Amino acid sequence: EEGAIAAVAQGMGAHADAIEVQASACSGVATSAASEPGSAAQMVEHGVTGLVAQAMEAHAGALEVQASACRALAAIAWCEPKSAAQMVEQGVTGLVARAMEGHADVLDVQKSACVALATIAEGEPGSAPQMVEQGGTAPVEQAVRTHPDAVEGQERPGRVPAPIAPRTPR
């Protein structure tokens, strides 16, 4: 498992300019983090979170990278809650907010980004001021207005929807 994570990290770094590689790698990160116990922690150790952030920055216009990167960040933060503080410090929530702003009409990006923000916030409860500073709330409020029929479990506009599944140790 650790060898595979290192290979993904190496591939993301070596092919940083390839949209398809970055989107596929982010999808693989999301799947592995969510399904392989302990893999999220190993991903954090190998710098995968930073590589996902780099992919988001490099390919801001590529909706497939943005959506899969948000899913990857959500899965890592969900399975390794301690990573959420690092994500906030690295400005990842700002990247997620920019993904939402740049792809406001793409429901997949909006849903994935909302889950990422909610999961990061849940993993690092004291992060709300930094997340607001990084622009994390305005795009969520806009997403609720833009996609009102897609908001599930939303009790009041502007509230980031929380992940539905209960947290289980990985």
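**Figure 1. Ala30 and its partners.** Setting aside residues up to four places away in sequence, Ala30 touches Arg71, Ala72 and Ala75, where contact means heavy atoms within 4.5 Å. This is a predicted model, in which local features need pLDDT of at least 70 and side-chain atom pairs count only at pLDDT 80 or more, while totals for chains, interfaces and linings use all residues. Residues are numbered from 1 along each chain as its sequence is written, and side-chain values use heavy atoms, with hydrogens and water left out. Ala30 lies in helix H2; helices (H or I, at least four residues) and strands (E, at least two) are DSSP runs, numbered from the N terminus. With a relative accessible area of 13%, Ala30 is buried, a word that means under 20% relative accessible area, whereas exposed means over 50% and partly exposed in between (1.4 Å probe, protein chains only). The C-alpha atoms of Ala30 and Ala69 are separated by 8.0 Å, although these residues are 39 residues apart along the chain.

**Figure 2. The protein chain as a whole.** The protein chain has ten helices and zero strands, and buried residues make up 44% of its 170 residues. Among the contacts with a separation of 6 or more, 70% are between residues 24 or more positions apart. The protein chain exposes about 8000 Å², of which carbon and sulfur atoms supply 54%; such accessible areas come from the Shrake-Rupley method with a 1.4 Å probe, and for residues only the protein chains shown count as cover.

**Figure 3. Ile19 in helix H2.** Ile19 lies in helix H2, which covers residues 19-35, and is partly exposed, with a relative accessible area of 29%. Leaving out neighbours within four places in sequence, Ile19 is in contact with His59, Ala62, Glu64 and Val65.

**Figure 4. The largest nonpolar core.** In soluble globular proteins, nonpolar side chains tend to be buried together. A nonpolar core is here a set of buried Ala, Val, Leu, Ile, Met, Phe, Trp, Tyr and Cys residues joined through side-chain atoms within 4.5 Å. The largest such core has 48 residues, and those that touch the most other members are Val48, Val52, Met56 and Val96. Helix H5 (residues 63-79) gives the most to this core, contributing twelve residues. Apart from neighbours within four places in sequence, Val48 is in contact with Ile5, Ala9, Val29, Met43 and Ile76.

**Figure 5. Two salt bridges.** Side chains of opposite charge can pair when their charged atoms come close. A salt bridge is a side-chain nitrogen of Lys or Arg within 4 Å of a carboxyl oxygen of Asp or Glu, and a search of the whole structure finds two of them. In one, the side chains of Arg71 and Asp108 meet at 3.0 Å, N to O. This pair links distant parts of the chain, since Arg71 is in helix H5 and Asp108 is in helix H8 (residues 107-123), 37 residues apart. Arg71 counts as partly exposed at 34% relative accessibility, and Asp108 is also partly exposed, with a relative accessible area of 37%. In the other, the side chains of Glu80 and Lys82 meet at 4.0 Å, N to O; Glu80 is buried, with a relative accessible area of 16%, whereas Lys82 is exposed, with a relative accessible area of 69%.

**Figure 6. Helix H7 and its surroundings.** Helix H7 is largely enclosed by the rest of the structure, because eight of its eleven residues are buried. The cover over the buried residues of H7 includes helix H4 (48-58), H5, helix H6 (83-89), H8, helix H9 (128-133) and helix H10 (138-146). Where H7 packs against H10, Ala97, Met100 and Glu101 in H7 meet Pro139, Val140 and Ala143 in H10.

**Figure 7. His103 in a loop.** His103 is found in the loop between helix H7 (92-102) and H8, and it counts as buried at 7% relative accessibility.
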